[in-house]
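Student: Could we go through this structure together? I would like to learn where the labels come from.

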Amino acid sequence: MSFNDEKDKNIYDGKLDAESGSTGPIGDDEQVFEEERELKRGLQQRHIQMIALAGTIGTGLFLSSGRALAAAGPVGALLGYLFTGILVSGVVLSIAELSSLVPLTGSYVRHAEYFFDPALSFAIGWNTVYSCCVSIPAEVTAAAVLISFWTTSVSNGVWITIMGLLIIGTNMCFIRVYGELEFSFSMLKIMLIVGLIIMGLCIDLGGAPGQSRLGFQYWRNPGPFVQFLGIEGSLGGFLGFWTTFSNAAYAYSGIESIAAAAAETKSPRRNIPKAAKRIFIRVLLFYVISILIVTMIVPSNSPFLLNGSGNASESPFVIAANLAGIKVVPHIVNAVVLTSAWSSGNSSMLGGSRTLYGLAREGHAPKFLLRTNRYGIPYICVSFVSVFIALGYMTLQDSASIVFGWFQDLVSAAALVTWITICLIYLRFYYACKRQGISRSELPWAAPFQPFAAWLGFLGFGLLLLTGGFSVFIHNEWDTETFFSSYFNIPLIFLLFFGYKFTKKTKMVTLDEMPIRHYIEIANQNPEPEEIPLKGWRKINILWT
């Protein structure tokens, strides 16, 4: 039996699974993919659009951008976030094209099973779960430290517990509850970012009381680049610029999660590509312009950028507001960044639990993880990922900013591995289409700039992963924690891949055996409902229509 026949027998044999107790011809999508009968399609178009725009924006942008500015200077920080944004755009376009054809929960983890090798599905799936298990305590820790901006009379352990319970409770409810919360949080983040950009422009143009026009003076003094570790000349400036990629990768991490809950998204073949096409708006507005404004209103040598507090006082926007004498902004920023930490933790919980569910569906994790509650939530998966929130209690023994830095490096490395894998899976899919004579016009959605965007992401993120901890190889700069957090993920992914491959004796799916034509037929036989035309004021809505 070929790979195509073997895999399609399980999912596309025209009948429902034995455990469903019914048989019959394939009808709509709910009968094609079994998990769509167990999981509930509660994410509507506006939910998935807003999650794509701002769902994973958290402390990486609001706080870590200050570290990037201090390490690389204004031009170095801007270029670092810009280049990383271009690379991740290719990743999102790739995963959206795959998910529009095969809208399965777990997205690229399931795609690896059909378009590359079951061993890669196992490896990247558990790597993604690991990444989410580290990302959640990072955001919970950040939330606890943010609250300490207002009060230090209560132990951080209390806030970690409360925030953890809120994330668990949110993810145990009907998926639409998650969608509504993320919709609200995303609106808050968008309003904050737009407001901070306007505030930054006012400060830069001399609108603050008693402050003259700044312009680009901080690009000239203290200068466009920071000399890394005091290394003089262009080499020191370049090394400083290269350090920003870790901060940028953490800020963008989770950006591929728009397809994580594909089976819970209404009309995924229409809404996921629509969300992906707005990735350029998100990168340009929320990251590049924000960083540009920051570089114009805060000097890279400001001592407040590295005060180690981890709360709003470390945010470059708050520093600029304080320098301009605007007193209320720190409290507003801290409050919204707090909701951002909760929101980002929610996104990681969703991604981790749905990936775990997808692994169980493919037989790469225990079957008891497939159990769902009456709301259609895989509660066992949510419970498993929730256990790792306890890692946040590490901050009770060590400095919160140090532990947050460890988590950030671990998440950044895991994100790079995930992005490399997505590009690799897509490239195999792309060339399989060519081998099988399948025109891109036959796909539900063909992403632009391919395969060049995927190749650029694959090569670029591969280079960033290999050089992520370069600073430890500089003379007298060795740091075990930095080396471990930067490179631990490389042996981990290879161990998972080859361990599973040799144990299960899996084979790589050849280009000729990939069941692409069959998925296209399924999509054609099960068209999504027509989009309802917009009326009235909804026509001018550019955020989620």
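**Reading the labels**

Tutor: Helices here are DSSP runs (H or I, at least four residues) and strands are E runs of at least two, numbered from the N terminus. This is a predicted model, in which local features need pLDDT of at least 70, side-chain atom pairs count only at pLDDT 80 or more, and totals for chains, interfaces and linings use all residues. Residues are numbered from 1 along each chain as its sequence is written, and side-chain values use heavy atoms, with hydrogens and water left out.

Student: What is the peptide bond between Gln450 and Pro451 like?

Tutor: That bond is cis, with omega about 5 degrees. Another cis bond runs from Asn221 to Pro222, where omega is near 20 degrees. Pro222 belongs to the loop between helix H11 (217–220) and helix H12 (233–242).

Student: Why does Phe449 count as exposed?

Tutor: Exposed means over 50% relative accessible area, buried means under 20%, and partly exposed lies in between (1.4 Å probe, protein chains only). Phe449 has 57% relative accessibility, so it counts as exposed. Phe449 is in the loop between H19 and H20, and has a positive phi of about 65 degrees although it is not a glycine.

Student: And what makes Lys505 exposed?

Tutor: Its relative accessible area is 67%, so Lys505 is exposed. Lys505 is also a non-glycine residue with a positive phi, about 55 degrees, and lies in the loop between H22 and helix H23 (516–525).

Student: Why is Ile193 called buried?

Tutor: Ile193 has 3% relative accessibility, so it counts as buried. Ile193 is part of helix H10 (residues 175–204). Leaving aside neighbours within four places in sequence, Ile193 is in contact (heavy atoms within 4.5 Å) with Ile57, Leu61, Phe62, Phe286 and Ser290.

Student: Why are H8 and H22 called oblique?

Tutor: Axes are lines fitted to C-alpha atoms, for helices over the stretch in contact, and angles run from 0 to 180 degrees between N-to-C directions. Under 35 degrees is roughly parallel, over 145 roughly antiparallel, 65 to 115 roughly perpendicular, and the rest oblique. The axes of H8 (residues 118–147) and H22 (residues 489–504) come within 8 Å and cross at roughly 140 degrees. H8 and H22 are therefore oblique to each other.

Student: What angle do H8 and H17 make, and what is that called?

Tutor: H8 and H17 pack at about 160 degrees, with their axes 8 Å apart. That makes H8 roughly antiparallel to H17.

Student: What makes a set of residues a nonpolar core?

Tutor: Such a core is a set of buried Ala, Val, Leu, Ile, Met, Phe, Trp, Tyr and Cys residues joined through side-chain atoms within 4.5 Å. The largest one here has 150 residues, and Phe115 is among those with the most contacts inside it. Helix H19 (residues 400–435) gives the most to this core, with 19 residues. Leaving aside neighbours within four places in sequence, the contacts of Phe115 include Leu98, Ile425, Phe429 and Ile516.
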